[in-house]
Amino acid sequence: GIRQILGPQGALNTFLSNIGLADLDAPTDWLGTNRLGGIVLMNALHLYPIVYLNIAAALANLDPALDEAAENLGTTTWRRFLRITLPLVAPGIFAGSTIVFIWSFTELGVPLIFDYTRVTPVQIFASLKDIGGGNPLPYALVTVTLITTLILFALGKYIMRRTPTGAGGGRASTAAIERTFKQPWMWWTATAAFSFVTLAAITPHIGVLLTAFAGDWYRSILPNELIWENVSSALGHEITLPSIRNSLKYASAATIIDLFLGVAIAYLVTRTKLPGRGILDSMAMLPLAVPGLVLAFGYLAMSREGGIFHWMLPGGENPIFLLIIAYAVRRLPYVVRSATAGFQQTSSSLEEAAQNLGATPLRALQKITLPLIAANLIAGGMLAFAFAMLEVSDSLILAQQQEHYPITKAIYGLFRTLGNGEQLAAALGSWAMIFLGVTILGAGLLLGKKLGALFRV
């Protein structure tokens with residue numbers, strides 16, 4: 001989407017040419033001269049909602065009485081923010097920032113589309129052909145990536161564990177006072193800032209949608225014609241239709257596994273005094289820190305001829321079991337966090353009362369607790385399914401044959417195809433955006449401001 005807008009003959013250069021600030025015969029290649037900057041910008045626009053969700057959840061848990069007490073003592077707005085609010089929400093900021101750093105550090109899709117090879121994930125992807133030739137470079141790159149992310153994960157857990165929770169968390173003692181801007185210019189400044197960020201964030205999505213519907217988009221600000229054929233063909237093309245079926249199959253199996261494992265882990269962590277349950281919780285969250293790129297590379301290396309996972313490749317080439325396991329491992333934290341929140345919000349006395357009446361612990365869990373936390377499980381399962389459907393790193397690395405392509409590998413394959421390949425890729429991506437948007441909206445309605453807790457280390 002952003003390539004269509006910032007390309008040499010794209011919308012931005014056409015707009016600048018129309019107002020006399022550029023020459024389309026010698027255009028500026030915005031992405032060619034600074035591809036790394038474009039990758040940074042795309043990752044920032046892609047991932048900032050994770051930080052936002054974490055900060056929103058942290059702010060929702062703050063007691064407004066602390067801020068009001070400081071205001072009554074004459075503290076200015078900025079000083080209250082710096083001395084009270086910011087320190088109390090710092091754990092949420094750090095939690096979100098850790099995930100964003102790890103995610104962007106191991107991002108494979110964006111630099112691949114930007115054709116930028118000087119980042120570790122792309123070098124790992126390019127070295128897959130040498131994985132069986134004795135070349136140590138791909139293993140070294142994966143090891144460096146793994147060590148870096150694990151150090152960040154451990155640091156995040158350490159800081160979160162040492163952060164006091166009683167100072168500003170928990171239920172608010174008073175209702176928050178609604179803040180209003182005292183001067184009109186302050187309102188307009190805030191509105192302009194939010195509008196700019198929102199416009200920048202949705203620009204790539206607009207580019208994808210317009211590319212999907214574009215019959216001809218060359219040297220024009222908007223497509224010269226809009227057609228429906230690409231969007232309809234994306235659901236029936238010889239590459240896209242099997243990929244949708246494959247993704248549904250992989251993601252559904254992975255989600256079922258995650259629901260069983262997530263409930264079991266959350267129950268052990270919240271309802272038992274099992275020694276080492278804190279370690280179990282950390283291990284369940286580890287896939288947030290261990291990149292999909294590293295996991296996929298490990299599965300691929302161990303499934304080669306003679307490897308311990310070679311039996312997971314039926315016929316020597318079908319990666320169905322590897323993809324299901326990889327998807328399940330990658331998205332397990334969402335279900336664990338969601339189920340854990342449900343267990344913590346549900347009093348254990350209900351289960352104890354059922355057990356006192358003769359119910360077994362398993363029956364009490366099935367009849368009492370699971371129905372009460374159903375909304376949490378549905379939300380976590382929805383997110384696990386949606387993100388598994390659109391998993392990038394595992395799909396690009398593990399699916400090598402076209403008949404086994406999931407959706408994201410099909411998008412990448414179509415993008416590199418001549419003719420209307422880019423339009424079909426954008427059309428399939430548009431359907432994927434709609435699906436993921438509806439899923440996140442539904443999960444947000446079920447979990448509210450607790451949605452950000454799913455993206456914490």
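**Burial, bridges and confidence**

Student: Why is arginine 330 called buried?
Tutor: Its relative accessibility is 14%. Buried means under 20% relative accessible area, exposed over 50%, partly exposed in between (1.4 Å probe, protein chains only). Arginine 330 therefore counts as buried.

Student: What kind of model is this, and how are residues numbered?
Tutor: This is a predicted model, in which local features need pLDDT of at least 70 and side-chain atom pairs pLDDT 80 or more, while totals for chains, interfaces and linings use all residues. Residues count from 1 along each chain as its sequence is written, and side-chain values use heavy atoms, without hydrogens or water.

Student: What is the average confidence of the protein chain?
Tutor: The average pLDDT (the predictor's confidence in each residue, from 0 to 100) is 82. At least 70 is reached by 91% of the residues. Helix 3 (residues 30–33) has the lowest confidence, with a mean of 73. Helix 12 (residues 240–271) has the highest, at 91. Helices here are DSSP runs (H or I, at least four residues; strands are E, at least two), numbered from the N terminus. Over residues 165–174, pLDDT stays under 50.

Student: What makes glutamate 391 and arginine 330 a salt bridge?
Tutor: Their side chains meet at 3.5 Å, N to O. A salt bridge needs a side-chain nitrogen of Lys or Arg within 4 Å of a carboxyl oxygen of Asp or Glu, so the pair qualifies. Glutamate 391 sits in the loop between helix 18 (374–389) and helix 19 (393–398), and arginine 330 in helix 15, 61 residues apart. Arg330, Arg331 and Glu391 are linked in a network of salt bridges.

Student: How do you know that glutamate 391 is buried?
Tutor: Its relative accessible area is 2%. That is below the cut-off, so glutamate 391 is buried.

Student: How many salt bridges does the structure hold?
Tutor: Six. One of them joins arginine 80 and aspartate 67, with the closest N and O atoms 3.1 Å apart. Arginine 80 is in helix 6 (residues 77–105) and aspartate 67 in helix 5 (residues 64–72), so the pair ties together parts 13 residues apart in sequence. Both arginine 80 and aspartate 67 are buried.

Student: Which residue meets arginine 271 in a salt bridge?
Tutor: Glutamate 351, at 2.8 Å, N to O. This pair links distant parts of the chain: glutamate 351 in helix 16 (residues 348–356) and arginine 271 in helix 12, 80 residues apart. Both glutamate 351 and arginine 271 are buried.

Student: Why is serine 303 called buried?
Tutor: Its relative accessible area is 2%, so serine 303 falls under the limit for buried. Serine 303 is in the loop between helix 14 (292–302) and helix 15 (320–345). Its side chain reaches the backbone oxygen of tyrosine 299 at 2.9 Å and that of leucine 300 at 3.1 Å.

Student: Why is isoleucine 19 called partly exposed?
Tutor: Its relative accessible area is 46%. Isoleucine 19 lies in the loop between helix 2 (11–18) and helix 3.

Student: Why is aspartate 115 called exposed?
Tutor: Its relative accessible area is 52%, over the limit, so aspartate 115 is exposed. Aspartate 115 is in the loop between helix 7 (109–113) and helix 8 (120–126). Its phi is positive, about 55 degrees, although aspartate 115 is not a glycine. Most residues other than glycine have a negative phi.

How values were computed
Contact = heavy atoms within 4.5 Å. Polar contact = N/O pair within 3.5 Å; in protein donor to acceptor, adjacent residues only side chain to side chain.
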